[in-house]
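Please read the points below alongside the sequence and the model.

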Amino acid sequence: MADDTRPQPPVSGRRFWISREEGPGEPDARSAVWNEFPEGAADPPELPADALSRRRFLALLSASAALAAASACSAPDRGTIVPYTERPDEVVPGVPNFYASCFAEGRRAHPVLVRTREGRPIHVEGNDRYATAPGKAPYRAVADLLGLYDPDRLREPQNAGRAVSVPEAERLLAEKARKAREQGLPVLLFTDAVLSPTRARLLAELRKVLPGLEVVSYEPALGEGEERVLRSLFGEAVNLEPRPEKAKVILALESDLLSGEDPALVRAFAAGRRPEGRREPLARLYAAEGRFTLTGSRADARFGVRTGDLGAFALGLLRLLVGEHGVSLPPGAENLPWPERPLSSLLGAGAGEREAEALARDLAENRGAALVVAGSHLPAPVHAAAALLNLALGSLGKTLGVWPWPTAVAPSGRGEAEAALERAAEGRYGLVLFWGGNPAHAFPGHPAFGEPRREVFVRIGLHEDETAKVAALVLPEAHWLESWGDFVPRPGLKALRQPALRPLYPAARQGEDWLLGLLRALGGQGAEDYARFLKERWRREEWPPESPVPFERFWAAALHEGLVPGTPPPVSAPSAGALGPHLCGASTPKGLELVLHPSPALYDGRYANNGWLQEWPDPVTKATWDNPLLLAPADARRLGLKDGDRVRVSEGGRSLESAVLIQPGQREGVAALSLGYGRQALSVARGVGTNAFVLLGREGERVLRGVEVEKIPGRKPVPTTQTHHRMEGRDLVRSIPLKEWARGEGEKREGHPLVSLYPDQEFPESKWGMVIDLSACVGCSGCLLACQSENNVPVVGPEQVLKGREMHWIRVDRYYEGPEEAPRAVHSPMLCQHCDNAPCENVCPVNATNHSPDGLNQMAYNRCVGTRYCANNCPYKVRRFNFLEWTAHKREPETLAFNPEVTVRPRGVMEKCTFCVQRIEEAKVRARVEGRKVADGEVIPACAAACPAEAIVFGDLKDPESRVSRLARSGRAYKVLEELGVRPSVTYLAHLRNGPEDSE
Amino acid sequence: MHPYDRFARWWLPVGGGAVLATVLTVGWATQPDRFSRAFAPEQPIPYSHRLHAGSMKIPCEYCHTGVRKSRHAGIPAVQTCMNCHAVTRTDRPAIQKLAALARSGEALPWKRVHRLPDHVFFDHRPHVAAGIACQTCHGEVQEMEVVSQRMSMRMGNCLGCHRDAHAALPPGSPPRKGPENCNACHR
Amino acid sequence: MSVPAPAPLPEELAPPRYLEGEVTPGALDDQVLAFPERKPPRKWFVAFAFTAALAAAGFGFIGYTIATGIGVWGNNRPVFWAFDIINFVFWVGIGHAGTLISAILFLFRKTWRNAIARFSEAMTLFAVMCAGLFPLIHVGRPWLAFWLFPYPNQRALWTNFRSPLLWDVFAVSTYFSVSLMFWYLGLVPDLASLRDRTTHPLRKKVYTVLSLGWRGAASHWVHYEKAYLLLAGLATGLVLSVHSVVSFDFAVSVVPGWHMTIFPPYFVAGAIFAGFAMVVLVLVVVRESMDLRNLITLDHLEVMNKVILGVSCLMAYSYFMEVFTAWYSMNPYLHHIFRQYVSGTYGWAGILTLCCNVLAPQVFWFRKARRSYPVMILVALCVTVGMWFERFVIIVISLHQDFLPSAWHVYLPTKVDFAILLGSFGLFFTLVLLFARVLPVIATTEVKAVLPGAQPRHAGGGHE
């Protein structure tokens, strides 16, 4: 063993606790055992069996040992390692690759980066080259990674319920189309919003060979009021682009612009709420709404106005501006008639006329720096009034951009869609292609979907969903992460979508490819796949021919960056006069009014099979796995309802049943229900919540009046992740009025010194810490999903959420202060605080959780026996216990979504936020190999990376110059439960209130 | 003395002791960290490290390219073998098998020799960067006809070296310890 | 000179009689040691069948829990501990009376203990067995529970000596082993006499082995007495230490309502309280069913009840002190949780605890009550229930609303929780029944020591 290079036993006193390993051991086990008992082993087996001599005894012993040894020696197979037969150049096993792509939903597109490992996407984040929101992705884009690995996805084409091959499916499709063409019947393509120029071009090509092609491009989640108003204002389909970063005063008319669905808006708003100095003016956010939206909860002043009255409110405000603040109406609108109603009659509890005055003053004083936004679900009158306000305040072109609809296919209204479907029901079409969306769910009980597998119906989709059930031919669609495409996320900016992996199922192809096949089969001109089609169009239309860069390089760069800047075509000047008809439409609400809005989690229901989003607590209600009817406290009292009661909601003959949840702050007389739930297909989605599309009228009116709500027997408790909503006078989430802050009054510190019996922790190299700026955080809860995706956080299901066993490593605490009619809400992300004197550490009997030299409270899952003592002793209750086995039953493709850098935790162990230690370790290793220190900002946890408000800052507290240290020294800095002396590593910056009364 | 008494006083303890001793001995002798060593499964292709790494002196990193870039050293792609074997020793059945795989693009499932549990995140990079020779953990691979595991590669094994690394580090390197905190290997 | 015959004392003032009628050593042996010989009555089998079934069911559900995960219990976030630890503390508490009676009273030379010591010690053991069950099954991965023991291992890992749970492991196991030795040592002479009495060959073998060759020689007695005294001393310390250590699980933590300096003495008192109640319950049954009225007299029971009364007052004081501390601390979290003890979701549990532990035992101020079966049984039951709920109050209520309101959550136990609780009772009484069947329930040798005339007296009976 002289040349044995293995480490020799150290001479320290700790040697005893080091295993036998360091001693020179015999490589061969069998001989090792025999050598333990040389003399016993020396005995020949045929020893005369006399009385039990010691030698004999030992011989027997060693023999038995040897037998056991021999058996143990035929070691269990350790599986196989399968290398690439031919390794792709860019792939190094164990090293992630990033691909720029683009996420599209509703009328929005957003550039993203997809992180892949060995060719499979494991995380979606923002594209850092995207200037408006660098590195930020919409939270549903992050969550839709799970949709890629959804086991319910269609795997091969089906004809009349039988699986068929792809060529066969293409043949059938072409046959149907030809038949339609021969019969001279029109063909209906029923799809969702067409945001992609190339897709629009493809449809144009298709129309050449299918003259009778009708395209209905309908987004069920979105209202049409805005659409209509903008059309008549600009004479064409346009998009609005709010620019909160340019606004000093923002008025949100039940608009959830801070929901995080568009991170750019949150980022822009938060940027104006994060003062470095004390004298900086902050942007002020007013909200007028009937519901209690996340944006409203963050408003500096919030007016409780019935949703039906919002139009009147805006007009009243305009009248006030014109009458008393010398604001002049836009040309053409000088003598528009509109119904007058005094503001005072519209205001509910909370902010009253004084605030209304202040609002008017602020708007008037900040002409050109004011912004009015109205919720997309609101009817035309509100949008018309909002448009008038914006025009009068000169927001257009300053705080509010306008750019034409990116494609030739303008969005259709529910009326058109309904009409088309009726024609389909009557069999007027030779072929109906349902591509994208889920009309059978968005038009429940529509005659068109009466009978299963209609011959002329063809479905192109991801799942065998409600719509697939009524189609004869079902074509599996590729997930967007497997697809090509191009979009226009911002005026003039082109974004490319490229597949991050080949389709999981060979038969799955993106819709465009199916249509291309059809196009070619019908004799049209088209490349053999959409990738080429896309490239061709770009060569012809996007690549500036005069440019010195050859196209191939241009294309490669475009794919690499994912973005190509450009200038948008101009928009014709607005004609305010055209708003007249819309203004008069303003109707006075009667009875209980019901507001139908897209679900923050499931949108229009397309994500209903996504466990992450189903279990993602609504940022305001904290409800999961359901869309309860939200009632104002007063209405609930009047109707004798409490949380979890079941009700029947009926309006004009249509009705549905739902559970009730009482929403403080919701204006009396207003009820709210979110769309997208109540799916009837797919394993996760089926039967969760109730389908509110039932109540949607032909005109797609989303604010229903005179709704009946009656109690029905039975209870259905709503699984919420927070069951207590008041701070009980505890100083947990702090907010300071701006004037105090400006006066230099900082955050009050604990008076008494905090002593500890334990010696202070020592951190030789670095000490990781986090700062969370509550003034920037809007509570959108995007961090939850990023964390869930990054850290393999399991989904537990509604029953377990009801028992309080959800597993999210980071949660957003939401507390109400003040009267329940008009409370002020505060949001505060809560995650493991990595305390220096962590109470969880000293109570773990097996040392499974303890402190790392770089200041992390580390949790060794594989050492944990599950006494749960640590969780009891955690004052923040951020530890999560695997009460049952959540993941072991998972099979491919679900398991492919796991992050290979993070252990998947078994049943019976405790887990919690690790500050994304896998990222820290990666950075440290890289720094070590390169012989340098970890740079500030090199480590970014998933939550911080995803936070659209950039409210979370992570870094080394030991380095006084790091960004996190500087923020931690801010006057607004405080620690939650500081008085316990646990010394958290997470510092919070108090929220700054900027209401009219909060600043002088 | 009553026979039962004698039994109770002598045979009972002796017997108990014997049973206990047996259990302990067998348990100790068959513990995994002894028997995880010397595991040498038969491979689909009789690849000889002694030949390639030993006599031909092909550096480890020619095939195990990941070792400086990634956590995993990595197993070479079949193409890497074909770099030479497209022309050399093409008469050997094993090589022909290899070539067939390379042509068909089928996978070549090597038998795993070293396996760490899923909750262990070993990273080759810092170890190689610190100048620790592959042989320190993998044994004298260049002398192995069939690769076999030489270290138990269980926790005590890692910690033994992390707590006292001088034997493993190249001579003259500054005295240094490996991290001992959980997060260094477990996430 | 002649001493005037003393006037007959009124019954109340008569010295307590711990023996009824004429008891001779032989009669005593025949009465006590004969049980194992006789075939037990039908009612014994009925009772045994019942309790055994209960225990079996309990173990069934434990198996189910281990197979499925403790998610089948009601435990949630933030109430990570509930029935599991409640039952553990409850049973450890029950275990206290035994050693107290047998060891401490022995050191105080309270001879009235002799008749009941053996039995209460046995109960101690069984209770601690039941207790020991829960920490084991309550962990998430019971098959790894052995990691709680510090032993050199290849992982080079060590246990965390700062953790009260680890202290528990040592405290409870020590307590159990010492009580076991103490109890077994006391048994040896009786086992020997059983060995000598019995004719049944198998029993003879067994008792022979168990009696470790005891011949009753003077040398044996000398060693025996020494050892017994030493163990008594050892056990005494443990009686006080064990439950103090158990109380550290809570006192050492930061949870409002747990972090209380009064817990150690308060827990010990509570333990003795519950233990005595349980002893009274069982004694009554034993006394009647095995007609030992002459050896276990009403006076025995009365003394026990007096202790219960005394400890009950101690408990009342503890409760008061606890509340006072909480109020005086000016700690809002503490104030909140103490309001929750008597109001709020689980307020009823707090009220119930107070009624059972403080009010009910007060009837024992009356001699009649102390000497009446129905009353003492009722009170004993009250105390048992009350003490269980006391632990419920401490553990569940304190946990369900701690620092951050956002994490508050109510706790609801499941069927499995109750099944396992009942199962533990089944186990306990099964063991009691078995013990009553196969071993002498009364330490004859010790009772013989207090038979009239057994003690050497000076002429004229100077000092008693």
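1. A cavity here is a set of points, on a 1 Å grid over the protein atoms alone, where a 1.4 Å probe fits but cannot get out, and its lining residues have an atom within 4 Å of a point. This is a predicted model, in which local features need pLDDT of at least 70 and side-chain atom pairs count only at pLDDT 80 or more, while totals for chains, interfaces and linings use all residues. Residues are numbered from 1 along each chain as its sequence is written, and chains are lettered from A in the order in which they are written.

2. The second largest cavity is lined by 39 residues, and those nearest its centre are A:Asp192, A:Gly436, A:Leu462, A:Glu477 and A:Arg606. In chain A, the strands (DSSP runs of E, at least two residues) β2 (97–105) and β16 (454–461) each contribute at least two residues to this lining.

3. C:Gly95 lies in helix α3 (residues 83–107) of chain C and is buried, with a relative accessible area of 0%. Beyond its neighbours within four places in sequence, C:Gly95 is in contact (heavy atoms within 4.5 Å) with C:Thr124, C:Ala127, C:Val128 and C:Tyr175.

Methods: Heavy atoms only, no water. 1 Å grid on protein atoms, 1.4 Å probe; cavity = no way out; pocket = protein on both sides within 12 Å on 5 of 7 lines; lining within 4 Å. Helix = DSSP H or I, 4+ residues; strand = E, 2+ residues; numbered from the N terminus. Buried < 20%, exposed > 50% of the residue type's maximum accessible area, 1.4 Å probe, protein only.
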